[in-house]
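Work through the exercises below with the sequence and the coordinates at hand. Each task is followed by a solution in steps.

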Amino acid sequence: MTNSDINFISAEEAVKLVHSGDTVVLQGSTSLPNALIRALTARAPELRDVTIICGFAVDSQDAPYAAPELLDSFHAVSIFVPNILRKVTREGIAETIPCFLGEVPFLFRSGQLPVDVTFLNVSLPDEDGYCSYGISADIAFSAAECSKTVIAQVNRFMPRTYGDPVIHISKLAAMVQADEPLFEVPTPVPSEKEIRIGNFIAEQIPDGATLQIGVGGIPNAILRALSSHKHLGLHTEAITDGVLPLIKSGVIDNSQKKVLPGKSVGSLALGSRQLYDWLDGNTDVVIRDVAWTNDPQVIRQNPRAMAINSAIEIDLTGQICADSVGETVISGVGGQHDFMYGASLSEGGKCFIALPSTTSSGKSKIVSNLTPGAGVVTTRFQTQYVATEHGIVYLRNKTLAQRAKLLISIADPSCREQLEREAVRRFGPAFLRLK
């Protein structure tokens, strides 16, 4: 099928299918359907009370529909506070719904979160008329399934991926041709601290393990430290550039996975054009609905599942805050809980929390009590391994006083004395009797 066979209309005409009072869900990752978003925002004077929902998403500028002067027209809501809504969420202009990312499709499918319209950013159709969601199945797949109206931005820059995320043009209420390059996320170069953290964690990962790993300097440091491992697998939420060297060198060959052996699995991808080009037509990678990729009962089926996540701060009992700075929510739970729980149920599975010992201003990230208002993303009951640049400790099955002792041992040396005083205050003789 060629473009000449498709009845494209303008973005301005397509978004007339959105009515006041509707709920619109946006495809996310680095593939926001910006041509449709711009056109819908331009309709603000004629619309009222349109709710716009997005999940994890990254772009170069703030969401135009969330401008303060458009509050009567648009209600911006996120499942995972993205960078495009972080400022307005902090100001109370946008809102966020706390939830496990893997459960969002259930909210759509059960009708608890009704969807009227979904905006997609999809590949060119194949000869049979199917468009690929490309790098973002996550919540978009289920949203489109439950929508009354699906509008697609058809984009030649969107790679064609394999798995769940395809939609036939007959299911689209409108198609807009808008060839816009996908946003690229630079690959962070790990710092010396991050390299040390990566080495500590890599030493705990056995050959044949299946990885879930996040985005950023520490994940990239861990991936670099795994270059001598063998027969690793990938079952993750977000696929990034960091996995490419391990896949191309054969370190990640997915040969010992039980779930989709031989295939790298994810729900979304974000990174460079090199990553997007590598994904295009690559049958060794499967992109699936986040309800499946993040299902702990699916994750646990892979032996030696390794869940590697980060934190903003951790208290002396092992409570993990990963979504807020005090009362200010800056991200979301995402898949941290899903993978931590799934990996803990896996035969030989392990869960890791990786964080530098201090903030950029020198404040300890290991604290006696979480900052007032901070959210607990991973409970103390789930925390296993915690790594900083000063070492790695194992908290599972340890008492609260033992946990405090272990965590203080990997805190920044300049902060340990104060943390010990606070531990004595909290745990008394139980802490003092520890050697």
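**Exercise 1. Find the salt-bridge partner of Lys87 and state how exposed the two residues are.**

Step 1. Apply the rule: a salt bridge is a side-chain nitrogen of Lys or Arg within 4 Å of a carboxyl oxygen of Asp or Glu. Lys87 pairs with Glu91, and their closest N and O atoms are 2.8 Å apart.

Step 2. Classify by relative accessible area: buried is under 20%, exposed is over 50%, and partly exposed is in between (1.4 Å probe, protein chains only). Lys87 is partly exposed at 41%, and Glu91 is partly exposed at 42%.

Step 3. Look for shared partners. Arg109, Glu145 and Asp289 are joined by salt bridges into one network. The count of salt bridges comes to 13.

The model is predicted: local features need pLDDT of at least 70, side-chain atom pairs count only at pLDDT 80 or more, and totals for chains, interfaces and linings use all residues. Residues are numbered from 1 along each chain as its sequence is written, and side-chain values use heavy atoms, with hydrogens and water left out.

**Exercise 2. Determine how many disulfides the structure holds, and explain the result for Cys146.**

Step 1. A disulfide is a pair of cysteine sulfur atoms within 2.5 Å. A search of the whole structure gives 0.

Step 2. Cys146 is partly exposed, at 25%.

Step 3. Cys321 is in no disulfide either; its nearest cysteine sulfur, again that of Cys99, is 17 Å away. Cys321 is buried, with a relative accessible area of 0%.

**Exercise 3. Describe the largest nonpolar core and the surroundings of Ile205.**

Step 1. A nonpolar core is a set of buried Ala, Val, Leu, Ile, Met, Phe, Trp, Tyr and Cys residues joined through side-chain atoms within 4.5 Å. The largest one has 37 residues, and Ile201, Ile205 and Leu226 have the most contacts inside it.

Step 2. List the contacts (heavy atoms within 4.5 Å) of Ile205. Beyond its neighbours within four places in sequence, Ile205 touches Leu211, Ile222, Leu226, His229, Leu232, Met306, Ile308 and Phe352.

Step 3. Another core, of 36 residues, lies apart from this one and includes Ala57, Ile93, Ala174 and Val176.

Definitions and conventions
Contact = heavy atoms within 4.5 Å.
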